[in-house]
Amino acid sequence: MTRANARELAVHLIYGRDFTGEEPQQVVTTRLNKEYYATLSEENEVYSERPIKAQVNYLDIVVSGVANRAEDLNEMIQKYSIGWDVKRISRLARCVMQLAMFEILYLEDVPTGVAISEAVRIAKKYDGDDTGSFVNGILGAFARGLNTPAEPVSEET
């Protein structure tokens with residue numbers, strides 16, 4: 001399984017957890033159960049190969065990380081989705097952006113451009129070109145915002 005497939009699987013897990021409210025570790029354990037996982041391969045090619053240990057570790061980190069920081073990530077999505085209430089954004093697009101933002105902020109081995117590119121690819125695959133463009137716009141603004149220097153602090157006393 002490639003990192004791209006693991007990332008796509010992570011979106012599935014984050015999306016599923018968003019519906020069920022399960023604990024992050026439970027979502028990963030349940031969905032990666034060997035028998036259950038095998039049944040999913042008939043529905044989606046991303047399940048054709050089981051994740052290796054390093055990818056399971058990645059899944060644990062990102063699913064838990066997104067779950068634990070969902071409120072903060074949604075606030076960032078809201079900040080950069082000008083004119084859109086975060087509740088009106090499709091659940092899938094929101095999960096994709098949460099994962100990308102988490103990777104950018106907390107995973108040193110994921111370049112910003114890769115996180116954005118992969119998020120756009122996944123959004124287009126599951127929700128269409130318009131969603132891919134929407135995700136690209138929000139994540140691009142988010143990334144630019146990270147590189148914006150802070151306002152100088154006045155030294156007035």
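Analyst: Contact means heavy atoms within 4.5 Å.

User: Ground rules before we go on?

Analyst: This is a predicted model, where local features need pLDDT of at least 70, side-chain atom pairs count only at pLDDT 80 or more, and totals for chains, interfaces and linings use all residues. Numbering runs from 1 along each chain as its sequence is written, and side-chain values use heavy atoms, with hydrogens and water left out.

User: What does the chain average in pLDDT?

Analyst: The average is 90, and 94% of the residues score at least 70. pLDDT is the predictor's confidence in each residue, from 0 to 100. Over residues 152-157 it is below 50. That stretch has zero contacts in the model beyond near neighbours in sequence.

User: OK, fold. How many helices and strands are there?

Analyst: Eight helices and zero strands. These are DSSP runs numbered from the N terminus (helices H or I, at least four residues; strands E, at least two). The chain is as compact as a globular protein of 157 residues, because its radius of gyration is 17 Å, close to the 15 Å from the globule rule. The radius is taken over C-alpha atoms, and the rule is 2.2 Å times the number of residues to the power 0.38.

User: What does the C-alpha trace span?

Analyst: About 65 × 35 × 25 Å along the principal axes.

User: And how much of the chain is buried?

Analyst: 43% of the 157 residues count as buried. Buried means under 20% relative accessible area, exposed over 50%, partly exposed in between (1.4 Å probe, protein chains only).

User: Switching to single residues. Where is Phe134, and what does Phe134 touch?

Analyst: Phe134 sits in helix H8 (residues 129-146). Its contacts, not counting residues up to four places away in sequence, are Ser81, Trp84, Ile89 and Met97. Ser81 is 53 residues away in sequence, yet the two C-alpha atoms are 8.6 Å apart.

User: Why is Phe134 called partly exposed?

Analyst: Because its relative accessibility is 22%.

User: What about Val56? Which residues is Val56 in contact with?

Analyst: Leu32 and Pro51, leaving aside neighbours within four places in sequence. Val56 belongs to helix H4 (residues 53-68). Its relative accessibility is 26%, so Val56 counts as partly exposed. From Val28, Val56 is 28 residues away in sequence and 8.3 Å away in space, C-alpha to C-alpha.

User: Last one. Where is Ser90 found?

Analyst: In the loop between helix H5 (70-80) and helix H6 (91-106). Ser90 has a relative accessible area of 30%, so it is partly exposed. Asp127 lies 37 residues along the chain from Ser90, with 8.7 Å between their C-alpha atoms.
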